[in-house]
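The sequence and the model follow, and the notes after them are grouped by topic.

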Amino acid sequence: MMNNTMKNPVGNLPQGTTIIGKWHKERYTIVRTLGYGATGYVYLTRSSKGLAALKISENSMSITSEVNVLRHFSKVRGFSLGPSLLDVDDWEQLRGKQSFSFYVMEYLEGEPLLSFVQKRGMEWAGILILQLLTDLETLHKEGWVFGDLKPDNLIVTSTPPKVRLVDVGGTTQHGRAIKEFTEFFDRGYWGLGSRKAEATYDLFAVAMIMIHICYPKQFQKNGESGLKQLEEQIDKEVWLKRYKVVLMRALAGEYSSAQEMKSGMLSVMSQRNSSASQKGAAQRTVNNKAKQGPASSTSRASRSGDSTQRQPVPTKTSSKGWMETAVLLSVILFAYFFYLYGQIM
Ligand SMILES: Nc1ncnc2c1ncn2[C@@H]1O[C@H](COP(=O)(O)OP(=O)(O)OP(=O)(O)O)[C@@H](O)[C@H]1O
């Protein structure tokens with residue numbers, strides 16, 4: 001992160017400042033600062049087209065590189081991980097003496113992943129990770145690796161909740177060296193792989209995001225092997241332990257695709273659901289037996305092997321049988337009556 005106090009001609013622009021694009025002449029009025037980092041400042045702006053996020057930097061190269069990534073994303077159908085790109089232009093200050101590149105993107109109005117999960121519950125963590133893996137699968141298939149995957153770059157937009165990624169600055173083409181990374185989420189830091197842009201690099205970061213959800217304060221690497229230390233942390237948290245098989249495989253770089261990791265997550269979730277529904281069914285049986293009273297003592301007797309004490313429980317099937325017999329008998333009697341009547345006449 002850049003030092004906010006450093007003199008930066010595009011930093012801390014006051015509310016109400018209007019940025020006019022040199023080429024497209026669109027006017028963007030600053031509402032407030034959304035954030036800032038190594039690359040530049042991001043402002044919430046209002047224009048004739050409504051609210052949008054505007055990223056501006058002294059470094060035109062980094063703006064160009066992010067614009068290229070966002071342009072590429074916009075061509076991928078069904079891909080909604082990053083914000084959509086709305087405009088690219090330059091802003092001239094001091095009567096054209098200084099020019100700064102900027103781009104305008106969709107404003108992702110939402111909540112950071114961590115606070116969303118803390119408020120809505122851990123069930124959401126699994127769902128959001130599945131969403132993230134779905135989008136990563138598309139990104140990887142396109143030959144890109146996100147690189148700097150971390151909760152700070154994840155925003156959950158609402159209705160329906162959807163995880164989106166801001167800051168595409170770290171997005172790197174497959175096979176190249178990762179452009180940007182953050183230690184805790186970087187497999188190189190944990191001694192568990194290289195900084196080469198591969199799907200496995202992002203999947204490691206996904207596992208670390210899951211760990212970070214349970215350890216919001218994070219923890220430092222100690223002297224032992226990275227994998228051993230992470231395993232110990234996983235074992236201490238119930239939610240992480242449930243996904244241990246998936247997490248260990250992702251940390252060790254054993255998943256060849258995001259889809260494979262997603263299947264692993266889904267199978268843990270379905271096991272949990274089926275055991276929960278089995279428990280539910282067992283609980284319902286117990287409750288029903290408790291309601292039936294004598295029948296419950298019957299089942300206890302049968303378990304003790306005393307079948308003589310078994311009481312027949314009237315069922316719907318037996319009452320239905322009686323009704324069928326009665327109907328059949330009345331039809332036969334009716335037919336017999338007509339037969340006798342015909343004989344007499
Ligand atoms: N499209 C957007 N909608 C809403 N908020 C955004 C958007 N883009 C960026 N932000 C906010 O601005 C912050 C800084 O943006 P960004 O991460 O792109 O800057 P950066 O200079 O690349 O930062 P870093 O040093 O982490 O790479 C983000 O963490 C996020 O809170």
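Which residues does Gly226 touch, not counting residues up to four places away in sequence? They are Trp190, Gly191, Leu192 and Lys221. The model is predicted, and its secondary structure comes to 10 helices and 11 strands.

- Gly226 belongs to helix H5, which spans residues 226-236.
- With 17 other C-beta atoms within 10 Å, Gly226 is partly exposed, since a residue needs 20 or more to count as buried and 12 or fewer to count as exposed.
- Between Gly226 and Gln98 there are 48 Å in space, C-alpha to C-alpha, and the two are 128 residues apart in sequence.

**Overall organisation**

- The chain has 345 residues, of which buried residues make up 29%.
- Of the contacts between residues at least 6 apart in sequence, 57% join residues at least 24 apart.
- The domain assignment gives domain 1 (18-105) and domain 2 (111-263).
- The centres of domain 1 and domain 2, taken over C-alpha atoms, are separated by 27 Å.
- Domain 1 supplies 12 residues to the contact and domain 2 supplies 11 residues.
- On the side of domain 1 that touches domain 2, six residues are nonpolar, five are polar and one is charged.

**Ligand shell**

- The ligand is surrounded by 19 residues, and the closest are Gly35, Gly37, Ala38, Thr39 and Asp167.
- Both domain 1 (18-105) and domain 2 (111-263) contribute at least three residues each to this shell.
- Strand E2 (residues 27-36) provides the largest share, three residues.
- By residue type, the shell consists of 11 nonpolar, five polar and three charged residues.

- Helix H4 covers residues 199-214, and its 16 residues reach 24 Å from the first C-alpha to the last, close to the 22 Å expected at 1.5 Å a residue.
- Because 14 of its 16 residues are buried, H4 is largely enclosed by the rest of the structure.
- The largest nonpolar core has 48 residues, and those with the most contacts inside it are Leu203, Val206, Ala207, Met210, Leu247, Ala250 and Met261.
- H4 gives the most to this core, with 12 residues.
- Leaving aside neighbours within four places in sequence, the contacts of Leu203 are Ala250, Tyr255, Ala258 and Met261.
- Another core, of 23 residues, lies apart from the one above and includes Val10, Val42, Leu54 and Leu85.

**Backbone geometry**

- Most residues other than glycine have a negative phi, and most peptide bonds are trans.
- Asp167, one of the closest residues to the ligand, has a positive phi near 65 degrees although it is a residue other than glycine.
- Asp167 is located in the loop between E10 and strand E11 (172-173), and it counts as buried because it has 24 C-beta neighbours inside 10 Å.
- Lys25 also has a positive phi, of about 60 degrees, and is not a glycine.
- The loop between strand E1 (18-20) and E2 holds Lys25, which counts as exposed because it has 8 C-beta neighbours inside 10 Å.
- A cis peptide bond, with omega near -10 degrees, runs from Thr159 to Pro160.
- Pro160 sits in the loop between strand E9 (154-157) and strand E10 (162-165).

Note on methods. Residues numbered from 1 in each chain as written. Predicted model: local features only at pLDDT ≥ 70, side-chain atom pairs only at ≥ 80, totals over all residues. Near = placed C-beta within 6 Å. Helix = DSSP H or I, 4+ residues; strand = E, 2+ residues; numbered from the N terminus. Nonpolar A, V, L, I, M, F, W, Y, C, P; charged D, E, K, R; others polar. Domains from an automatic or database assignment. Contact = placed C-beta atoms within 7 Å. Expected span 1.5 Å × (residues − 1). Core = buried A, V, L, I, M, F, W, Y, C linked by C-beta atoms within 7 Å.
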